[in-house]
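Here is a short tour for anyone meeting this protein for the first time. Take a moment to look it over before reading on.

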Amino acid sequence: MPPRFLPRACAWLLALPLAAAAAPFAYVPNEGSGTVSVIDTATDQVVAEIPAGKKPRGTALSPDGRTAYVSDQPGNRLVVLDLQRRAASGAIALGESPEGVGISPDGRWIAAAVEETNEVAFVDTASGKLAFAVKVRGKNPEHAVFTPDGARVFVSAEEGEAVDVIDVAGRRQVAQVPVGARPRGIGFSPDGKRAYVAAENADEVYVIDAAAYKVLGRVKAGLRSNGIAVHPDGRRVYVSNGGDASVSVIDVQSLRVTATIPVGQRPWNMALTPDGSKLYVACGRSGSVTVIDTERDVVAATVPVGKLPWGVAIR
């Protein structure tokens with residue numbers, strides 16, 4: 001006779017959609033293939049390829065893991081992906097040449113850096129519409145990243161040698177922090193007190209007081225430092241070095257590089273698994289993602305993906 005009931009934990013698991021139950025997955029936008037590769041982080045195998053416009057770049061995932069928002073640069077739009085069906089479900093017009101995409105911790109807002117108009121476009125995820133845009137002082141914004149409390153967005157301006165800060169509720173820029181030449185990746189300490197910004201042409205990572213908007217320190221990284229990922233424990237920061245084909249590990253207490261790990265060619269943007277045990281690095285010229293074991297600081301796997309992977313988002 002079949003059982004009349006399941007243990008509560010099992011019943012809860014069976015009630016979840018398949019993708020949610022098997023999470024986390026790593027989502028990799030491929031600029032050259034027009035797809036998002038889906039990697040199962042348990043096996044480090046690609047399990048799906050999702051069409052996502054002509055040139056997908058920045059990718060943000062909803063807190064429930066059901067939706068991805070992907071910028072399509074030549075389409076000047078945000079492609080919305082249904083991750084349960086692994087298919088596009090819509091698109092939202094943004095502005096000319098969108099790139100980096102961030103999502104607020106509560107999932108309400110998407111912030112997309114729009115390069116040609118020097119602004120950040122804010123999309124209301126409930127309505128699926130562009131709500132407002134904020135002009136920034138820096139030229140050619142690349143990344144737009146929410147602070148952990150969701151109150152502000154830090155924006156790297158590639159040609160401005162600065163980080164612009166937007167107050168979300170006020171819908172205006174409230175600060176600008178000078179950094180090194182060609183700032184790119186941005187990450188925050190878990191408590192939101194510090195921001196870490198990679199300056200590509202300076203080969204450095206800038207440490208910023210996120211409340212006072214002042215530079216606290218600088219760390220020499222590798223050649224063409226680019227992507228940033230902050231470990232959940234807050235003690236380590238990872239920076240990809242596009243010119244060295246490596247990832248540097250920075251100790252936040254000493255502000256020194258403690259390890260350098262060889263990866264694929266032109267490492268770009270990165271993401272950590274929720275538990276911080278693995279770092280996934282998009283390596284554009286290799287057409288692959290390098291997986292790093294963060295406990296041992298060694299490469300655990302190399303995963304072939306599409307052409308010119310731009311970054312990684314994990315949920």
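Residues are numbered from 1 along each chain as its sequence is written, and side-chain values use heavy atoms, leaving out hydrogens and water.

The pLDDT (the predictor's confidence in each residue, from 0 to 100) averages 93 for the protein chain, and 93% of the residues score at least 70. Over residues 1-21, however, the pLDDT is below 50. Where pLDDT is low, the predicted coordinates should not be read in detail.

Some values for the whole protein chain are gathered here.

| Property | Value |
|---|---|
| Buried residues (under 20% relative accessible area, 1.4 Å probe, protein chains only) | 58% of 315 residues |
| Accessible surface (Shrake-Rupley method, 1.4 Å probe) | about 13,200 Å² |
| Box filled by C-alpha atoms, along the principal axes | roughly 70 × 45 × 35 Å |

An open sheet is formed by 4 strands in the order 12-13-14-15, with antiparallel pairing (strands pair if DSSP finds at least two bridges between them). Strand 12 (141-146) and strand 15 (172-178) are the edge strands, each pairing on one side only. Strand 13 (residues 152-157) and strand 14 (residues 162-167) run antiparallel and are joined by 6 bridges. Phe 154 has Val 165, in strand 14, as its bridge partner.

Note on methods:
This is a predicted model: local features need pLDDT of at least 70, side-chain atom pairs count only at pLDDT 80 or more; totals for chains, interfaces and linings use all residues. Contact means heavy atoms within 4.5 Å. Helices (H or I, at least four residues) and strands (E, at least two) are DSSP runs, numbered from the N terminus. Buried means under 20% relative accessible area, exposed over 50%, partly exposed in between (1.4 Å probe, protein chains only).
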